[in-house]
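Hi everyone, thanks for coming. Let me put the structure up on the screen, and then we can walk through it together.

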Amino acid sequence: MTKKKTILSGIQPSGKLHIGNYFGAIRQHIAMQEQGDAFYFIANYHSLTSVREGEILYQNTIDVTLDYLALGLDPEKATFFAQSDVPQVIELAWILGTLTPVSLMEKGVSYKDKIAAGLSPNIGLFTYPVLQAADILIYHSDVVPVGEDQKQNIEICRDLAGKFNRAYEGEYLVIPEEHIVKSVAVVPGTDGRKMSKSYGNTIPIFGEGKPLKKIVMSIQTDSTPLEDPKDPDGDNVFALIKLFASKEQQEDIAAKYRAGGYGYGHAKNELLGFIKEYFSEALEKRKQLEQDLNYVKDVLSDGGKKARERAESVMQPIREATGIVRSF
Ligand code: ADP
Ligand code: TRP
């Protein structure tokens, strides 16, 4: 039997998870727990580059865990944990940093974006890709399911693993595959730009009642009058409906758009119905889990223990190779 592949991915606890995160990442993570030895973690050290309130970062960490469990993550199949429960990651990040050319970090997309926006980035953001490389390499990960936007960071990770192995003349680190999960097209937000926490245009996975309705009703559309025929392609509401609807349902709705007499308000109501139905079971499960936070914490603590054991077995030969020993 061939060895099961190690699958690893991380998600930042920097705000409420939205349906862009779900269709772009979480859904694939949950599907892949069946396909290998999956490790998924909450990148809380990474979020320190943007979240400055301890209470909020902690609460977000619990919330992301609740979200994943409610959406189908099975802790018997996948190891789910917080990045900070594996101190070896920070240790490896430092070592990798000593092999990282400053010029490589200067090419980083998020770093360049901040500079272009006139902000002064912190060192944490500057070296973010080094920490991400350590996240991946510390578990000897083979496959890293991430969206297109993470491609550069995976390339940097492969590059750094190669540099380390060459510098210390051994196969200490496994170079992960270039596996960018074929994700759905970028999920648009309520303003038509990419749905993102940083644009304030998100639709939450676990929204309910009036607040959810208000968000869906605020989706921007053009101003074609209700009675006129409309082009479904190019409309934000239809792009979102497509994520949830079956092929037949999509064709049905597209026909209504083209026929006229069907307004964007109708389409939004249809979308609202789809969202509620799609996540209703998960929402119920989430409410139950909220009543059992000890279970949720146990999941994180058991996952952390497993992840630490794996990380330690990868780290020890690296300490020896680099001459960094723990006791003399
Ligand atoms: P945000 O842009 O809201 O801060 P993140 O950068 O934390 O989201 O993304 C977490 C994961 O969700 C990544 O794997 C990313 O590829 C995916 N993702 C985020 N937004 C979208 C979107 N609008 N469409 C598809 N995937 C997305
Ligand atoms: N940078 C990723 C994001 O913003 C999160 C992340 C941190 C990650 N470390 C990782 C993803 C390691 C995959 C592997 O979405």
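Let's start with a question: among contacts in the chain between residues at least 6 apart in sequence, what percentage join residues at least 24 apart? The figure is 78%, where contact means heavy atoms within 4.5 Å.

Before going on, a word on what you're seeing. This is a predicted model, so local features need pLDDT of at least 70 and side-chain atom pairs count only at pLDDT 80 or more, while totals for chains, interfaces and linings use all residues. Residues are numbered from 1 along each chain as its sequence is written, chains are lettered from A and ligands numbered from 1 in the order in which they are written, and side-chain values use heavy atoms, with hydrogens and water left out.

Now the overall picture. You can find 14 helices and 3 strands in the chain; these are DSSP runs, with helices being H or I of at least four residues and strands E of at least two, numbered from the N terminus. The radius of gyration is 22 Å, close to the 20 Å that the globule rule gives for 328 residues, so the chain is as compact as a globular protein of that length. That radius is taken over C-alpha atoms, and the rule is 2.2 Å times the number of residues to the power 0.38. Of the 328 residues, 47% are buried, and buried means under 20% relative accessible area with a 1.4 Å probe, protein chains only.

Let's zoom in on helix α9, residues 151-167. Its 17 residues reach 24 Å from first C-alpha to last, close to the 24 Å expected at 1.5 Å a residue; the expected span is 1.5 Å times one less than the number of residues. Buried residues in α9 include Ile 156, Cys 157, Leu 160, Ala 161 and Phe 164. An α-helix has 3.6 residues a turn, so residues three or four places apart point the same way. And what covers the buried residues of α9? Among the elements doing so are α4, α5, α8 and α14.

Thr 79 sits in strand β3 and is buried, at 3% relative accessible area. Its contacts beyond four places in sequence include Phe 39, Tyr 40 and Lys 306. Thr 49, in the loop between α2 and α3, is also buried, at 18%. Beyond four places in sequence, Thr 49 touches Asn 122, Gly 124, Leu 125 and Tyr 128.

Technical notes: Buried < 20%, exposed > 50% of the residue type's maximum accessible area, 1.4 Å probe, protein only.
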